[in-house]
Amino acid sequence: MATSKSFLEFVTEQLSDAGEVTTRPMMGEYLVYFRGKLIGDICDDRLLVKITKSSEAMLPDAPRELPYDGAKTPMILVDDLDDRAFLQALLEAMYDELPAPKPKKPKTKA
């Protein structure tokens, strides 16, 4: 089941208080970035975030789920999408623990 447009819009609106949140489509689902760093996925109408020390501390009882069939790395399911202050705090806490984005390779002319 692919993520619905309405769910994507709802999640991005809920995360908007954190500031620079962007999404990128990927195989019918979406990658979620915060200030350029990949923080998680929106898959099958679920928000999943990467497992970091902060995300584990802030969501200790949240289920760990695979974002898609065949995935090797579980992520943390964020169930409560109504608490915008919590979502903002979660992204802020995770930010420094996530790797910087890889630099893009310059395009070569053929």
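This is a predicted model: local features need pLDDT of at least 70, side-chain atom pairs count only at pLDDT 80 or more; totals for chains, interfaces and linings use all residues.
Q: Why is strand E3 described as largely enclosed by the rest of the structure?
A: Strand E3 covers residues 37–43, and six of its seven residues are buried, so the strand is largely enclosed. A residue is called buried when its relative accessible area is under 20%.

Q: What makes E2 and E3 a pair of strands?
A: Pairing requires at least two bridges. Five bridges join E2 (residues 29–34) to E3, and the two strands run antiparallel; therefore they meet the requirement. Among the contacts, Phe34 has Lys37 in E3 as its bridge partner.

Q: How do you know that E3 and E4 pair as well?
A: Four bridges join E3 to E4 (residues 46–49), again antiparallel, and the requirement is at least two. Within this arrangement, Ile42 stands opposite Leu47 in E4.

Q: Why is the pair of Phe34 and Tyr95 called edge-to-face?
A: The ring centres lie 5.7 Å apart, and the planes stand at 85°.

Q: What makes Lys37 a charge over the ring of Tyr95?
A: The charged end of Lys37 sits over that ring, 4.1 Å from its centre, and the distance cut-off is 6 Å. Arg35 also lies over the face of Tyr95, at 5.1 Å from the ring centre.

Terms used:
Residues are numbered from 1 along each chain as its sequence is written. Side-chain values use heavy atoms; hydrogens and water are left out. Buried means under 20% relative accessible area, exposed over 50%, partly exposed in between (1.4 Å probe, protein chains only). Rings of Phe, Tyr and Trp (its six-membered ring) pair if their centres lie within 6.5 Å; planes under 30 degrees apart count as stacked, over 60 as edge-to-face and the rest as tilted. A charge sits over a ring if NZ of Lys or CZ of Arg is within 6 Å of the ring centre and within 35 degrees of the ring normal.
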